[in-house]
Amino acid sequence: MFVCGPTVYDYSHIGHARTYIAFDMIAKYLRYLGYEVFYLQNITDIDDKIIDRAKSENKDPLGLAKEFQEKYMEDMENLGITSVTKYAPATEYIKQIVDQVKRLKEKNIAYLIPDEGYYFDLKRFPDYGKLSGRTVEDAEDAVSRIDESTLKRNKGDFALWKFSRPEDEARSEGTAKPSEPSWQSELGAGRPGWHIEDTAITEKEFDSPQYEIHGGSRDLIFPHHEAEIAQMESLSGKKPFVKLWMHTGFLTLNGQKMSKSLGNFITIRDLLKDQSPEAVRFMVLSTHYRSPIDFNDNLMNQAEAAVMRLREFVLNLEKADGKADLPTSQADEEKKSDYTNFFETHRKSIFEALDDDFNAPIAIAELFNLIREFNAPLHSGLISKTVANQVLDLLKEINGIFGFIPEKSIPLPDEIQNLVDLRETARNEKKFAEADELRKQILTKGYKIDDTPYGPLVRK
Ligand code: AMP
């Protein structure tokens with residue numbers, strides 16, 4: 001499995017978290033099922049955006065990329081993203097990139113524009129557009145990182161190798177900092193185009209022109225993934241390049257595309273100042289990986305309440321003292337065996353949901369059904385130690401895939417917890433005046449309650 005990694009010119013944002021948490025869950029679930037998964041991710045550490053940013057800050061582009069690559073790795077670690085087998089920075093694959101361009105040139109698919117670089121001739125790949133349903137002509141209105149040159153054969157043709165400008169070459173040989181990194185090669189001094197890095201990396205690391213799963217977010221379907229198909233299928237003559245394309249839905253912020261200029265840009269590290277990684281993972285996984293997420297405070301509050309509830313449930317299960325294992329009345333014995341059956345049913349539904357295109361939100365809903373069903377009997381001692389342990393094992397298995405159950409939580413003071421519990425009981429019994437009164441009491445003691453579908457979120 002290969003997933004498009006970040007372009008490292010800035011701190012990673014919550015859109016990145018959305019995509020990489022989803023693929024982390026996918027890789028972990030595949031491994032849970034017994035598949036051997038080589039999960040490869042590139043790092044785009046040479047790109048126009050990096051060069052522009054470095055120029056504006058008067059920094060060395062490769063140094064700037066390295067700095068943000070390190071920050072990215074820290075962010076991933078802090079989010080519990082541990083499934084990636086190998087991270088592959090593009091600049092470590094220049095030899096393979098040059099080799100692919102040379103082979104495309106030998107096949108007359110790559111053509112030269114003097115002083116500019118080598119371009120891919122889209123007319124030489126009639127299948128272009130098969131992933132996105134767009135055509136070579138549609139490529140003309142593509143806005144996303146299409147390389148501009150007035151001398152291209154077709155408007156959508158993209159750069160495979162960009163020649164260095166003479167001043168950059170001079171700089172890279174001399175004392176001044178090069179504004180554009182440049183590599184000497186048989187193609188001429190230059191740097192890779194955007195699309196070619198991924199096919200060069202996967203061909204080398206998978207030792208094959210074909211593989212199983214390619215991921216990224218929806219924004220990359222066109223032209224990036226279309227271009228990858230064009231490059232690799234025309235090089236190898238083998239179809240399909242990948243068996244399965246998996247695209248995550250885009251994350252927006254309060255209904256808008258995230259953008260620095262709009263001032264609505266949240267980095268992963270800023271979010272993690274106020275939120276636990278478990279809550280961030282829950283927030284992402286409670287939406288299907290293919291659906292969009294519109295991020296807002298309410299969504300984060302729900303996630304925070306949910307992970308606190310999960311943690312509480314674990315603590316309650318651990319407290320099951322075995323009282324229920326002693327023989328009791330016939331009626332209670334029957335109820336106890338019902339709980340074993342409930343458990344099996346929920347367990348089955350959770351994994352059936354994941355088997356159906358990694359439907360994490362349905363799996364989560366089933367998990368919370370289980371919690372709702374077990375909480376009351378757990379309190380009244382009707383859950384046997386054996387069943388409690390089975391549920392704990394299930395939670396451990398699920399957490400190995402989802403990673404959203406916190407190891408620790410900051411407990412509320414007993415007095416507050418008691419009031420919150422009383423309020424919940426009152427609400428369940430539809431005694432709303434009493435519940436409101438309790439909320440006021442809780443508030444005067446300095447705690448605020450937000451009700452969410454996963455239960456109340458109580459904050460100091
Ligand atoms: P980039 O750093 O823009 O090259 O993106 C790296 C990866 O994150 C790619 O797979 C993108 O599709 C994905 N990505 C970027 N922005 C978002 C977003 N707002 N929501 C979801 N995924 C995103």
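I started with Asp115, which I found in the loop between β4 (110-113) and β5 (117-120). Helices (H or I, at least four residues) and strands (E, at least two) are DSSP runs here, numbered from the N terminus. Phi of Asp115 is near 65°, a positive value in a residue other than glycine.

Ground rules, before I go on. This is a predicted model, where local features need pLDDT of at least 70 and side-chain atom pairs count only at pLDDT 80 or more, while totals for chains, interfaces and linings use all residues. Residues are numbered from 1 along each chain as its sequence is written, and side-chain values use heavy atoms, with hydrogens and water left out.

Next I looked up cis peptides. Phe222 and Pro223 are joined by one, with omega about 0°, and Pro223 belongs to helix α7 (residues 221-236). Lys239 and Pro240 are joined by a cis bond too, with omega about -10°; Pro240 sits in the loop between α7 and β9 (242-248).

Then the ligand. I count a residue as near if one of its heavy atoms lies within 4 Å of the molecule. There are 17 residues around the ligand, and His16, Thr19, Ser217, Asp219 and Leu251 come nearest. What does α1 give to this shell? It supplies the largest share, four residues. Both α1 (14-32) and β8 (211-217) supply at least two residues each. By class I noted six nonpolar, nine polar and two charged residues in the shell. My classes: Ala, Val, Leu, Ile, Met, Phe, Trp, Tyr, Cys and Pro are nonpolar, Asp, Glu, Lys and Arg are charged, and the others, Gly among them, are polar.

For polar contacts I took pairs of N or O atoms within 3.5 Å; within protein, one must be able to donate a hydrogen and the other to accept it, and residues adjacent in sequence count only if both atoms are side-chain atoms. A polar side-chain atom of Asp219 is 2.6 Å from a ligand oxygen. Thr7 has a side-chain N or O atom 2.9 Å from an oxygen of the ligand. Leu251 uses a backbone N or O atom, 2.9 Å from a ligand nitrogen. Taken alone the ligand exposes 490 Å², and the protein buries 93% of that (Shrake-Rupley areas, 1.4 Å probe).

Last, the largest pocket. A pocket is an open set of points on a 1 Å grid over the protein atoms alone, where a 1.4 Å probe fits, with protein on both sides within 12 Å along at least five of seven lines; lining residues have an atom within 4 Å of a point. I found 45 lining residues, with Met308, Arg309, Glu312, Leu412 and Gln417 nearest the centre. α10 gives the most, ten residues.
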